Every structure is written in structure tokens, then in C-alpha cells.
Amino acid sequence: MVVSLSKVEQSAPSLVSLYKTAGASVESRGLSGEAVAVYLVIDYSYSMLPSYRDGSVQALADRVLGLSAHLDDDGTVPVVFFSSGVDSLTEIALEDHEGRIDRIVAGLGSMGGTNYHKAMDAVIRHYRESGSTAPALVLFQTDGAPTSRSAAEKRLCEAATLPIFWQFIGFGSRSSDQFRFLRKLDRLAVPEKRPIDNAGFFAVERDARKVSDAELYDLMLSEFPTWLAAARAQGIVPAGPGAQVAADPGPALRDAPASTAPRQGLWARLFGR
């Protein structure tokens with residue numbers, strides 16, 4: 001499911017180049033025609049302040065919109081800002097993307113620590129409640145390890161039965177020890193720790209704008225197709241593009257009520273915001 005080039009030209013002309021570059025990456029990865037729910041998770045911890053100030057976070061959001069337009073047809077991406085907890089549950093859209101990150105951050109409180117699992121819980125709940133039957137690609141940005149490593153690892157392993165792939169994106173040196181834990185998450189044993197490899201990791205420099213659009217899109221999609229094939233083989237994701245068989249929500253989420261409400265505006269309904 002694709003947002004048309006003409007719609008992008010009309011609603012977000014500055015993203016046309018990103019849209020075209022993302023399309024080439026989607027096609028090269030064999031994902032053309034796939035319906036995928038794309039999420040963006042953004043680190044709001046204090047160490048991230050330079051990346052907000054220099055525009056790297058806004059640039060990432062714009063690039064995610066360019067990719068989402070080829071996989072999800074509503075031109076909107078649900079976004080979670082997190083630090084010690086969840087700081088904001090919101091959306092970015094093609095029609096209103098310019099300066100959107102600064103406007104969101106202006107309404108947030110003080111920057112805090114880093115708890116992956118709180119953000120993961122928010123994404124899982126939103127996906128479950130959305131009623132989506134499409135697999136989800138979560139682009140999860142951070143600049144370091146979480147405060148609670150055990151909680152993050154546990155949540156990732158529990159979520160392996162869900163049709164959700166977690167692509168972690170590190171802002172910082174690719175060889176830095178700050179990403180040792182994320183490398184560990186990427187390599188958690190299958191099936192000893194989780195039934196399927198449901199996460200990937202790559203790092204870019206602190207100023208992520210220095211990475212070309214083409215390279216970043218290729219990195220974002222580098223592991224997703226492999227996971228998608230394996231998830232379909234295990235019945236975690238329905239077989240074939242556009243299949244309408246609802247995915248099993250997994251035992252950890254069975255206590256949440258089911259819903260078929262549309263994704264747009266769902267944050268407010270779910271969390272009372």
C-alpha cells in the first residue's frame with residue numbers, strides 16, 4: 001500500500017526526494033506491495049539534547065515519513081518519545097512535518113533517563129488496539145543503553161510472538177561501547193531466548209544527517225525482510241501481502257481489550273491524552 005507520488009508532491013513537496021530514494025530501497029528489498037505499519041520511537045533522554053538542537057531528530061522523522069509512504073497508506077506515523085517513562089504519544093504526518101519535532105518537544109517536560117521497555121509497551125498496546133493485520137516495523141532511535149537492561153531484554157523476548165520487528169537505531173559512534181547492550185539484544189539466542197529473531201541494530205554518527213538517505217534506508221530495511229519471511233513461516237504474520245487474518249496478540253497482551261478503531265488519533269483514546 002503506497003501513498004502516491006502526486007500526494008507527496010502536494011502535501012509534502014520537500015520530501016519528494018526522500019520518497020523516491022525510499023522507494024528504491026523498498027523495491028530492492030523485495031517489499032513492494034507489502035502493507036507494513038511503521039512506528040517511530042525517539043529517545044528523549046538528556047544526552048540526546050545535541051541531536052535535537054542540530055536537527056538530526058527532525059531529519060530522522062522526515063526520512064521515516066518518506067519510507068512509511070511506501071508501506072502504509074495514510075501518510076501518518078505514530079511516534080513515541082521516551083526517557084525514564086513515556087513523554088509523548090503523538091503522530092507525524094506528511095501535511096505537517098516541517099518543524100514538527102521542535103513543536104512536540106516544546107510541550108514536553110525535562111529530559112530524563114532511558115527506559116526502552118516503557119516505550120515498547122506503548123507501541124505494543126497501540127498496535128494491538130489498532131486492529132491492524134499488517135506486520136509492524138518499529139524504528140527505535142536511542143543514543144545508549146537503557147536504565148533497566150533486564151526489563152528491556154524481557155520485553156523484547158516476550159514480544160517475539162507478535163508481528164512486530166524492532167529496528168534499533170543508535171545515534172553515536174558505530175564502534176562505541178555505549179551500544180554494547182543493543183548489540184546483545186540483536187544477538188539474543190533463538191530459540192533459547194526467543195522463538196524468532198525480532199530485532200536488528202545499526203548505529204550512525206551522532207549527527208545522523210551525515211549518513212546518506214540511500215544508506216539509511218538500506219540499513220532500516222536490512223533485517224526486516226528476513227524477519228518477515230521467518231515470521232510468516234512460523235505463523236506470526238499472516239501469509240502473503242495484504243492477508244486479512246488477524247495476528248495472535250500474544251499471551252502478554254491478552255488482558256487488553258480488543259478494538260478495531262483506526263490508528264490515527266488512537267493515542268488519545270488509549271491513554272486519555
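Glu158 forms a salt bridge with Arg155, the closest N and O atoms being 3.3 Å apart, where a salt bridge is a side-chain nitrogen of Lys or Arg within 4 Å of a carboxyl oxygen of Asp or Glu. The model is a predicted one, in which local features need pLDDT of at least 70, side-chain atom pairs count only at pLDDT 80 or more, and totals for chains, interfaces and linings use all residues. Residues are numbered from 1 along each chain as its sequence is written, and side-chain values use heavy atoms, with hydrogens and water left out. The protein has 11 helices and six strands, taken as DSSP runs (H or I of at least four residues for helices, E of at least two for strands) and numbered from the N terminus. Of its 273 residues, 56% are buried, where buried means under 20% relative accessible area, exposed over 50% and partly exposed in between, with a 1.4 Å probe and protein chains only.

**Salt bridges**

- Glu158 and Arg155 both lie in helix α7, three residues apart, about one turn of the helix.
- An α-helix has 3.6 residues a turn, so residues three or four places apart point the same way.
- Glu158 counts as partly exposed at 31% relative accessibility, whereas Arg155, at 16%, counts as buried.
- Asp121 joins Arg155 and Glu158 in a network of salt bridges.
- The salt bridges found by this rule number 12, and among them is the one between Asp96 and Arg103, whose closest N and O atoms are 2.8 Å apart.
- Asp96 is partly exposed with a relative accessible area of 41%, and Arg103 is partly exposed with 40%.
- Asp197 forms a salt bridge with Arg194, the closest N and O atoms being 3.3 Å apart; Asp197 is partly exposed with a relative accessible area of 31%, while Arg194 is buried with 1%.

**Helix α7**

- In helix α7 (residues 149–158), the buried residues are Ala151, Ala152, Glu153, Arg155, Leu156 and Cys157.
- These buried residues of α7 pack against α6, β5 (164–171), α8 (180–186) and β6 (199–204), a contact being heavy atoms within 4.5 Å.
- At the start of α7, a side-chain oxygen of Ser148 reaches to within 3.3 Å of the backbone nitrogen of Ala151.

**Helix α6**

- Helix α6 (residues 116–130) has 15 residues and, at 1.5 Å a residue, should span 21 Å, which agrees with its end C-alpha atoms being 21 Å apart; the expected span is 1.5 Å times one less than the number of residues.
- Because 12 of the 15 residues of α6 are buried, this helix is largely enclosed by the rest of the structure.
- The buried residues of α6 include Tyr116, His117, Met120, Val123, Ile124, Tyr127 and Arg128.
- Gly131, whose phi is positive and near 80°, follows α6.

- Strands β1 and β4 run parallel and are joined by five bridges, strands being paired if DSSP finds at least two bridges between them; Tyr39 stands opposite Val138 in β4.
- Strands β1 and β2 also run parallel, joined by four bridges, and the bridge partner of Asp43 in β2 is Phe82.

- The whole structure holds 11 aromatic pairs, where rings of Phe, Tyr and Trp (its six-membered ring) pair if their centres lie within 6.5 Å, and planes under 30 degrees apart count as stacked, over 60 as edge-to-face and the rest as tilted.
- The rings of Phe82 and Phe140 have their centres 5.2 Å apart and their planes at 50°, so this pair is tilted.
- Phe82 lies in strand β2 (residues 76–82) and Phe140 in strand β4 (residues 136–142), so the pair ties together parts that are 58 residues apart in sequence.
- Phe82 counts as buried at 0% relative accessibility, and Phe140 counts as buried at 0%.
- One aromatic cluster is formed by Phe82, Tyr116, Phe140, Phe168 and Phe181.
- Among the contacts in the protein with a separation of 6 or more, residues 24 or more positions apart account for 81%.

Key. A polar contact is a pair of N or O atoms within 3.5 Å; within protein, one must be able to donate a hydrogen and the other to accept it, and residues adjacent in sequence count only if both atoms are side-chain atoms.
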